[in-house]
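Subject: Structure for your review

Dear colleague,

My notes on what was found in it follow.

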Amino acid sequence: MGTTIATASAGRISRRAHALRSSEIRDLLHLTRRPDVISLAGGLPDPSCFPTDELAEAAHRAITDRSVLALQYGPTEGDPALRERIADRHQHATGRPTHPDQVLVTTGSQQGLDLLARVLGDPGDTVAVEDPGYLGALQAFKAAGLRLLPIHLDDGGLRVDALAALLTGPTPDRPAFVYTVPTFQNPTGVTLAPDRRTELAALADEHDLLVVEDTPYADLRFSGPALLPVASATDRVITLGTTSKTLAPGLRVGWMIGPRWLIAATTRAKQAVDLHTSSLSQAVVADLLADPAWFDRQVATVAERYGQRAATLEAALADRLGHRIALTRPSGGMFCWARIPGLDARSLLPAAVDEGTAFVPGDAFAVEADLRDRLRLSFAAADEARLVEAVARLTRALDRTHPA
Ligand SMILES: Cc1ncc(COP(=O)(O)O)c(C=O)c1O
């Protein structure tokens, strides 16, 4: 009976919904939720970094002192006080005048990706993306019917020369926009080199190309000098930001900053999706951002914790697998990217889960690149002792499946 209903209803699902099938890897990663597994697979921040006392106090103030603002429906664009604080931070980071009207508060930056795909592209249009790239963005773009134009990465981030070749080659393509995570990229952890940032901005101006600069990890720098965002060098950038990695992802507060015409169009699209982002979450974040010095300290605390963990993970990998593994050494964010020549990461994963650890096989993030021998490892979610133990388990799985 259950099967009949399931089969009958499957026939009602649209072609587009069918295209959004769960991936094989995602299914395997369900296993990593077992309590005995030390997972380096997830993109989850460390819950011990959530500023729970300050969040509780801000929520209390919002509900008791500003209950209408915090609990009533609000404007689709977002709470004016929050938009102003986000605009101020952006102006400070980029050195470019930024008006609160250029800010749309979104339900996580993921919603910004979805809205941009639908507002800037029609089905069949193209979007230039990093290969490998952030899975959630690739999924949002595909769901909107956009075709992905993969641009490879190296240790200096997006190959801007390859993007230039795409725009000017014998059969030039004109993507609706280019999507990049220039600082501490997901999945590779690499950062776009300063000269490439300037080149990307110049390319955007020359070809009237929109660049979507997604910055969820940019504040989480634990080594090296801060770099200017691409948005500091051209107006043709749409910046996506979020409080998911600095405060807590459950707040679902993100934002998009861009030209007014785009904010107006994405606001109309957002209205049909969720009317507005949670008023309570916005009130809490606006309250906390009212004290920029506190927020900067919070960000520094998270970054320092992740820095210690990155160092621990890198040392443990070098210790156990030194000769077999090549690693990116990120200066921030949550991820490190490893290459083990000759590896078939998909076949390693079940053995790793069996040993009690997990990672994401590189080809989960691939558009067309062959990334069978890569793994994404998150250093954010486990403490130092557990990271060391996870590496011991990974090594055992590797010895079993890929004897040296
Ligand atoms: C590159 C990138 N962009 C966007 C997001 C979405 O984050 P959120 O919707 O929580 O702001 C993530 C989450 O992991 C990410 O890694």
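**Aromatic pairs**

Searching the whole structure gives five aromatic pairs; rings of Phe, Tyr and Trp (its six-membered ring) pair if their centres lie within 6.5 Å, and planes under 30 degrees apart count as stacked, over 60 as edge-to-face and the rest as tilted. One of them joins phenylalanine 141 to phenylalanine 177 in an edge-to-face arrangement, at 5.4 Å centre to centre with 85° between the planes. Because phenylalanine 141 belongs to helix α8 (residues 135-143) and phenylalanine 177 to the loop between α9 (160-168) and β6 (178-180), this pair ties together parts 36 residues apart in sequence. Helices (H or I, at least four residues) and strands (E, at least two) are DSSP runs, numbered from the N terminus.

Phenylalanine 141 is buried at 0% relative accessibility, and phenylalanine 177 is buried at 0%. Here buried means under 20% relative accessible area, exposed over 50% and partly exposed in between (1.4 Å probe, protein chains only).

Phenylalanine 222 and phenylalanine 379 have ring centres 6.0 Å apart and planes at 75°, so this pair is edge-to-face. Phenylalanine 222 sits in the loop between β7 (211-214) and β8 (237-242), and phenylalanine 379 in the loop between β14 (374-378) and α15 (384-401), 157 residues apart. Phenylalanine 222 is partly exposed at 23% relative accessibility, whereas phenylalanine 379 is buried at 1%.

Ring pairs also link Phe141, Phe177 and Tyr179 into a cluster.

**Helices α13 and α15**

Helix α13 (residues 292-321) packs with α15 at an angle of about 30°, their axes being 9 Å apart. Axes are lines fitted to C-alpha atoms, for helices over the stretch in contact, and angles run from 0 to 180 degrees between N-to-C directions. The two helices are therefore roughly parallel (angles under 35 degrees; over 145 is roughly antiparallel, 65 to 115 roughly perpendicular and the rest oblique).

**Arginine 393**

Arginine 393 lies in helix α15 and is buried, with a relative accessible area of 16%. Apart from neighbours within four places in sequence, arginine 393 contacts Asp36, Ile38, Glu355, Gly356 and Thr357, contact meaning heavy atoms within 4.5 Å. Between arginine 393 and aspartate 354, the C-alpha to C-alpha distance is 9.1 Å, at a separation of 39 residues in sequence.

**Basis of the values**

This is a predicted model, in which local features need pLDDT of at least 70 and side-chain atom pairs count only at pLDDT 80 or more, while totals for chains, interfaces and linings use all residues. Residues are numbered from 1 along each chain as its sequence is written, and side-chain values use heavy atoms, with hydrogens and water left out.

With kind regards
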